Amino acid sequence: MDGLEWAVDRLWPRTLSRLTPWLMVLPAILLVGLLVLGLIQIADASLRTLDRSTFLMSDSWSDANYARALSDPVYAKILWRSLSGAVIVTAITLFFAFPYAYLMVRTPRAWLRKLLLIALFLPFFIGQVVRAYGWLIILGNQGIVNDMLGLVGVAPLRLLYNYPAVVFGLVQYMLPFAVLMLAPALTAIPEETEAAAGSLGANWGRTLVHVLLPMARPGLVGAGLVVMTLTLTDFAMPAILGGGSQDFIANAIYDQFFRTSDQGLGSALALMLVGLGSLIVGAIFMLFGAGTLAMGGRSK
Amino acid sequence: MTHSRPRRQLTRRSLLRSTAALGATAAILPSKIWAQEPEKPSELIVRAWGGSWVESLKAGVSDPFTEMTGIRIRHDLTEDNEIQPKIWAAAAQGRVPPIHINWDTTTNATKSALRGVTEDLSDLPNLANATELAKPVGFDGYPMVNTYGYVYVLAYRPEAFPDGPPASWRHLLDPKFKGRIALYNDGIGFHFPAQVAGGGTLADIPSNMTACWDFVEEMKAQEPLLGEDPDFTTWFQNGEIDAACTISTNAREARMNGVDIQWTVPEEGAKFDTDGMWIPVGLPENELYWAKQYINFALTQQAQQVWLDGLGLPGVVPGLTPPADLVDDASYPTQPEDFKNLIRISGQIQVENESEWFSKFKAIMQG
Amino acid sequence: MTASRSQRVVIWILVGLALVVLSAPTVVVLGASLTSGNIITFPPDGLSLKWYAKLAQAADLRDAFLRSLWVASICTAVALPVGTLAGIALAKFRLRFENALQIYLLLPFTIPLIGSGIGLMLVFGEWRVLGQLWPVGIACAAINLPFMIWAVSASAGALNDDLELAAASCGAGRVQTFVHVTLPAVLPGVITGSLLMFILALNEFLVSLLLTDARIVTLPVQIYNSIRSIITPDLAAVSVVFIACAAVAIAVLDRVVGLDIFLKSK
């Protein structure tokens, strides 16, 4: 250990300590840098137009793809659908994730805690696509839910291939992520704090609003950010549960890349989505203060 | 090459000819010829659609080819749309492409051909025996070879059509089919009959397609489901839909799984199109040679008969017999009069305008 | 837990709903895999294990599964040190341009996966490293890195400056302090994060689709490709085998370290 300390002191003298945090973040910056390199290629493609007589990209740059993306009302509509979807999914997911995480953290029963944890992890192992097919079986016209409704005399309902179905599928997909992000934040809230609020006469509703939620804010914001950004860029759920008429932006990007072979327009849409997502992330950081995700001792 | 099975033995040289003279050639083949043949790769990768599609290809083409040449065939089940950017990127970066043979729609293959990433196949000997359908329209040589045709039929559940098969696409506008119809999510297969059903003419494609869009607008009010090939089979099987504009193969698949399904070509007509095979540029010389042998073999009567029986589709060599359930079927055209009611638009017009049709269709359906 | 009756009722209703919704597709897929028919349905159309028998013969699926395990291992091996260091740094220090840095480190989530896939395909293609598995593992590490970073920084609540200072004043070197004080404090986050990275890499299909070819196809890509043509009960059976492997892994984890470790940050 001493040898190691000596080596570290030689390689990274204490005078450089100021830079230590950056040294620690550097590998992450480089790893994400791979994606940035890809993004540069995409930015280049977004400035080239497709020649449909040769299916090659133009040699010169132009803003034609962006102009088209901005002027076509379909994209505005799809964008709005993705954005509102992201907000709705985030709200519903957090609404369910909070009590789930709370019970998991606070329950004194080990078996219950394990059950709740396993229920979180198992769905990960049937990927998004197979899971979506599971929903087709459950919610379809001749699915289990409609069968049960039929028993009480309700005519089959169209539960699939609409906006609510997509939102539902996304919430189910995002819930484990949200709980896993929330749990550590809730663990960090001492149980005694709650008890104290209770003994001071606050009912649990007030305790929740005035004690728990504010203290869990870092976790809520972190979980919310994950759910929101992942929903905004999701592809599989709208594709499978939306019945083709509930596209999100990622589906429009998919269509351009893979169906009409217009990598230029696809790239422009992808880049605009990255910009929009980053803006939202930035706005949330501004709103809730820097270092929200650094939920450590600082924010106490 | 295994010598233990002389009955099925086939040499490279005989592959270069039509399969008729098989046995005789094998017997007299001088060993010198072998030396001239390029080195065999251990395997070839063929992109294929999964499920019954790849099973048919395997039975009709891949397995016999392996038996004859000893070259293993690996099937890459990546979707045709999704392999395209991979092949294009490989060609642009001067890399060896990820597959040897692409089994592809003619429309997608045309894009790759226009882009110049396909090898010329004009020297395949079996082309001499193939029908006119094998030749891609609008090209000088053979940047690809069409291997069979198919029809975007109107598939329906007879239960929902007690008065017999729908004679017109307009039949689908009946309010009782609201939410019970399916179309491809890019509208493919539906544009051309819609042009006729909407009161327009085929000659006006692509310059004036108002009639088509009017009809699509009307159809939009029916809230159709939009999907891709597997969705149609699933939807029919799960009773989600009563009718669909889809390739007959998908409907036949559901029928084989025990669902009661029929199909028809309405009076406005139905789109006829082809699939084909092509080889991406950038392969080593010997692998290119053997990839060509594979496609050449796919054009033999022997291979086509088994392969296309599985798909239930008409091939591009003479003398094929249709599967029993498809004799005189609208989805299996063989005679000129069978084609009378089928709409065929050149691949080039399609790829040049497809993006526009596609976004127009999306604009209506997402609206 | 000191809770009023109404609080319990509300929590249990919400959690119960969540449990049903989380588990329903798993149950259905499990049931559908046991069908004796050719169509994926629930309840199954007669019971049989024939789709598992078919699976047992499918060597390609087994190979694909082993490749997925390898990719997931590489992903975790890369993301674990990278994400842990970054997570600690973000939680412990107030960095300049922290907002911009956070936005940057969130790029893996704000870039749509198709964009990441196409971009990485071009980058790796340019470097001539496609056709191997390790780039796929690195790609998976990159696109899921925020999970690792956040899991660590979220559990950094237990990090205690005083403790680190104390260690230092007792003469502990920086490495010693890091290994004996800092790291144990964030261990739950490191484990949660690593497990998430492993699981997500094991199931990644969209980016992997663009980075693999038929020779090195991974299981989720194989499943995704097969589903695109037709969904048959054997795919449900694959998922069940996958779940079974996961269950075994979770049981082992519980025996060895205890599942509670996810929730303990003390």
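Me: Which domains does the assignment give for chain B?
Reply: The bounds come from an automatic or database domain assignment. This is a predicted model, where local features need pLDDT of at least 70, side-chain atom pairs count only at pLDDT 80 or more, and totals for chains, interfaces and linings use all residues. Residues are numbered from 1 along each chain as its sequence is written, while chains are lettered from A and ligands numbered from 1 in the order in which they are written. For chain B the assignment gives domain 1 (6-149 + 274-324) and domain 2 (150-273 + 336-366).

Me: How many residues does each domain of chain B bring to the contact?
Reply: Two residues are in contact if their C-beta atoms, placed from the backbone, lie within 7 Å. The C-alpha centres of domain 1 and domain 2 of chain B lie 30 Å apart. The contact takes 13 residues from domain 2 of chain B and, from domain 1 of chain B, 16 residues.

Me: Which element supplies the largest share of the side of domain 1 of chain B that touches domain 2 of chain B?
Reply: Helices (H or I, at least four residues) and strands (E, at least two) are DSSP runs, numbered from the N terminus. On this side, α6 (106-115), β4 (145-156) and β9 (270-278) of chain B each supply at least two residues. The largest share is five residues, and it comes from α6(B).

Me: How many helices and strands are there in chain B?
Reply: Take the box first. The C-alpha atoms of chain B fill roughly 70 × 45 × 35 Å along the principal axes. Within chain B there are 10 strands and 13 helices.

Me: Why is chain A called more spread out than a compact globule?
Reply: Chain A has 14 helices and two strands. For its 300 residues the globule rule gives 19 Å. Chain A is well over that, so it is more spread out, with a radius of gyration of 24 Å.

Me: What percentage of the residues in chain A is buried?
Reply: A residue is buried if 20 or more other C-beta atoms lie within 10 Å of its own, exposed if 12 or fewer, and partly exposed in between, with C-beta atoms placed from the backbone. In chain B, buried residues make up 53% of 367 residues. In chain A, with 300 residues, the buried part is 52%.

Terms used. The radius of gyration is taken over C-alpha atoms; the globule rule is 2.2 Å times the number of residues to the power 0.38.
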